[in-house]
Amino acid sequence: MSEPVLDIRNLTVEYRTAAGPFQAVKDVSFSLNAGERFGLVGESGSGKSTTILALMRMLRGGYITGGSIVLNGRDLATVSDRAYRTLRFAEMSLVPQGAMSSLNPVLRIGEQIGDIFDDHGVRHGAAERQRVIGELLGRVGLAASVQHRFPHELSGGMKQRVCIAMSIALQPSLILADEPTSALDVMVQKQVLGTLGKVQRELGASIILIGHDMALMAHFVTTLGVMYRGELVEIGPVKEIFAAPKHAYTRMLIESLPSFDRLGAFRGAGARADTFLNREGTP
Amino acid sequence: MSKLLEVDAVDVVFSSGFAGREQKRALSNLTMTVGGDNPGITAIVGESGSGKTTLIRLLLGFQAPTRGRVLYDGKPVFGMNAAGQSAFRREVQAIFQDPFDVFNPFYKIDHPLLSPLKAFGIAKSRDEAYAKIEKALTSVGLKPAETLGRYPHQLSGGQRQRVMIARALLLDPAIILADEPVSMVDASLRSTILEILYGLNRDMGISLVYVTHDLTTAYQVADTIVVLHGGQVMEVGAAEEVIHRPRHPYTQALIDAVPSPDPNKPWNIDETGEPPPRFIEPGETLVLQRTDPLRAVAGSASAGGDVTTVSAIQAAVGAAKRSAA
């Protein structure tokens, strides 16, 4: 099966603003094979989240004005809003950025996961539902008893794992992860990413990981796309991009990475970032 | 003679539940020093819940110690008189994590820069105030013409964070307490902010406390690194020593959790999934034992050894830095 899971061609997304239409995503094309890990990096406002929201048809105030999105051989433009509801979670799921604010504070974890099954017509008996959810939580390294708890009783890393468990509940072929670890500290970040990688491998799903931490990307994804001001300025195998970045912005992202090999001297990397952004006219 | 901000054998305990029966110790037996004649950069590194923010609140006088004392210029910070309070609030400045939350969206950028000058009576006229503001903005790499007169939402996160540094500088502080100043700034602008903070210490002799969960940036700017875990200091020492020759297993675990920017260096991300081991037994209080001239590591109180404090290590690192210069 050589057909890609996801094929995005010339995607353009516009937001209507008082000053006229603003193109947040310009002519972006990429495709993903089954089981591939794709990383999308870029500054805030570079259009990476907009791309993902367009995929999920969750844009607020934005419109796809050009291009096509094909998921598992089906052109998503032809899919009705009602059918899209079924498609989310079943074929394509989202791990949101702020797990803290994505869970409903007044529902127990088990009820929230159960909603996904109910919405997609998956029926279980009460005991079976408990067992299924328990197993799901087990796959992301949480105890089955977590389903009886409320979100406020869990730590940030646990909540993020609950979101990962929800994203794999219906075994989608594509997982979209929007900065899933940016609110977590380093130790938990590594565990959560490890969990995400493990379930993705077990499922054989493809994954798009969004972020601005190049170091994380270096270790998690196989293919990397760099977005800058709405355009996909560079795309290729992650190791090749790190070895020989072509675009000035990519080079700057890699050079500004802090590391233990470099002491106090800032090698002017910061100053370079500044002049680069100013020259390009970023506010 | 610069004034000292001292934390002397402090415990902070939060009580909750019926009649305060549930107690949570946020900081335990901490002694450290900021400022003085020997300005340095001390990084406090730890995870969420390690006590980092409690420490900053303690240093700012927003949190009273349960045991021990916090002193500025020899006087307790908590419950200071008006004159002492005024000097303290001027000379000790804070920079916070979120460059979006700290601005009032209804006021132009000028407002948070002018009001401290007014409050402390530093500028005699409007022209003098603006001259000072423009100088401060320029020193953090912002163009006054492009910054003043704008509203906060018109600036990027990196620019807003630099405005906050400029605001701190206006008051000519001796000490700056920075609580995760770069964690919400885009990756490409982090080094710009860090470079500014580093420059404040090197060029203006301002003492800095840099609180972070990111060991790499701590290593880039700090002289001394303090590793905090569960309210206790696990390891303290010169940055070079702590990062390249960590002695405590917790420090090692923190270092291992940082991804290397080299994609060919293995990070073993797929092996993890189990929770990390426990480094402190519940209810256990550790003491710092000096293992090297520039380092101390946490150990059990009964083990004896050369028991020391963060202050002592900070002083030793400062002395070594001066003799090297």
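B:Asp172 lies in the loop that joins helix 6 (157-170) to strand 7 (175-179) of chain B. Helices (H or I, at least four residues) and strands (E, at least two) are DSSP runs, numbered from the N terminus. The model is predicted: local features need pLDDT of at least 70, side-chain atom pairs count only at pLDDT 80 or more, and totals for chains, interfaces and linings use all residues. Residues are numbered from 1 along each chain as its sequence is written, while chains are lettered from A and ligands numbered from 1 in the order in which they are written.

B:Asp172 is not a glycine, yet its phi is positive, near 50°. B:Asp172 counts as partly exposed because 15 other C-beta atoms lie within 10 Å. The cut-offs are 20 or more such atoms within 10 Å for buried, 12 or fewer for exposed, and anything in between for partly exposed, with C-beta atoms placed from the backbone.

The loop between strand 7 and helix 7 of chain B holds B:Glu180. B:Glu180 is buried, with 20 other C-beta atoms within 10 Å.

Chain A gives 40 residues to the contact and chain B gives 37. Residues are in contact if their C-beta atoms, placed from the backbone, lie within 7 Å. On the chain B side, helix 7 (187-204), helix 8 (215-221) and helix 10 (249-256) each give two or more residues. Helix 7 of chain B supplies the largest share, 8 residues. By class, this side has 16 nonpolar residues (Ala, Val, Leu, Ile, Met, Phe, Trp, Tyr, Cys and Pro), 6 charged (Asp, Glu, Lys and Arg) and 15 polar (the others, Gly among them).

Conventions:
Two residues are in contact if their C-beta atoms, placed from the backbone, lie within 7 Å.
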